[in-house]
Amino acid sequence: MVIVAPSLLSSDLFALSDQLKTIKASPAQYLHVDIMDGHYVPNINFGDKFVSEVRAHTDLTLDCHIMVQDPEQVVFDVAKAGGDILTFHPETTQHAYRLIEEIHKLGKKAGIAFDPALGIAAYEDLFPIVDQVLVMTVSPGFGGQTFIENMLGKIAAVKKLQQENNYHFDIEVDGGINAQTGQQCVTSGANVLVAGSFVFKNDIQTAIAQLSQLQ
Ligand SMILES: O=C(CO)[C@@H](O)[C@H](O)COP(=O)(O)O
Ligand SMILES: [Fe+2]
């Protein structure tokens with residue numbers, strides 16, 4: 001039921017090939033790839049080149065989390081490189097609705113991500129057309145941060161709207177997820193758990209199995 005998305009930000013890049021094989025043998029269904037521009041978020045990391053390298057080594061769903069200002073500049077390259085789900089932060093573009101439509105035209109899934117400081121009200125009009133709503137449970141930019149418990153109410157509010165309106169999006173959480181916080185998120189309504197440090201700083205198989213069993 002719960003989809004686990006190991007975040008490659010915390011992977012060992014020099015052992016990535018082996019780590020991808022370990023993940024493939026686990027219940028994880030997604031690989032989460034963070035894309036950061038050093039502008040919208042302070043950090044700079046992966047880009048479309050990395051996505052295409054990972055694509056060549058896995059058939060898992062590539063869940064691309066695009067933390068950049070003006071996502072139109074990178075979304076299409078990431079899609080072309082083999083990203084499957086393209087999730088951007090709606091306040092980073094003037095035309096979030098159009099961008100979702102353009103992602104769909106490419107046959108890809110579109111997601112919107114909510115920074116912890118951003119309420120859902122301003123972007124509720126996108127809910128009927130998105131495939132994924134990502135509730136950030138840390139401020140975006142870095143792995144290894146502490147889960148913000150206040151976000152549980154936001155997850156529950158998104159879940160309530162989803163149920164009341166029969167929307168079909170997945171509810172993803174990202175940041176500080178471990179077995180305990182993951183359980184809190186699932187109880188609040190999340191069904192996709194991104195986890196970086198918890199997966200890669202522990203035994204990968206065991207950590208993913210723990211998260212995938214939450215209900
Ligand atoms: O998007 C981000 C950070 O901005 C994440 O996807 C991190 O990679 C999560 O790392 P952990 O908090 O699980 O260590
Ligand atoms: Fe992420």
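**A walk through the annotated binding site and beyond**

Start by selecting the residues that an unreviewed UniProt entry annotates as "binding site": Ser 7, His 65, Gly 141, Phe 142, Gly 143, Gly 144, Asp 174, Gly 175, Gly 176, Gly 196 and Ser 197. Keep in mind that what you have open is a predicted model.

**Stop one: Gly 143**

Zoom in on Gly 143, in the loop that runs between strand 6 (132–136) and helix 5 (151–165). Is it buried or exposed? Gly 143 counts as buried because 21 other C-beta atoms lie within 10 Å, and the cut-off for buried is 20 or more.

**Stop two: Gly 176**

Next, hop to Gly 176, in the loop between strand 7 (170–174) and helix 6 (179–188). Gly 176 is buried as well, with 23 other C-beta atoms within 10 Å. Skip residues up to four places away in sequence again, and the contacts of Gly 176 are Thr 137, Val 138, Gln 145, Thr 146, Phe 147 and Thr 181.

**Stop three: Gln 29**

Finish at Gln 29, in the loop between helix 1 (16–24) and strand 2 (30–36). Gln 29 comes out as partly exposed, with 16 other C-beta atoms within 10 Å. With residues up to four places away in sequence set aside, Gln 29 touches Ile 3, Val 4, Leu 60 and Thr 61. Then draw a C-alpha to C-alpha distance from Gln 29 to Leu 62: they are 33 residues apart in sequence and 9.1 Å apart in space.

Terms used:
Residues numbered from 1 in each chain as written. Chains lettered and ligands numbered in written order. Predicted model: local features only at pLDDT ≥ 70, side-chain atom pairs only at ≥ 80, totals over all residues. UniProt positions renumbered as here; feature names shortened; annotations may be inferred. Helix = DSSP H or I, 4+ residues; strand = E, 2+ residues; numbered from the N terminus. Buried ≥ 20, exposed ≤ 12 C-beta atoms within 10 Å, placed from the backbone. Contact = placed C-beta atoms within 7 Å.
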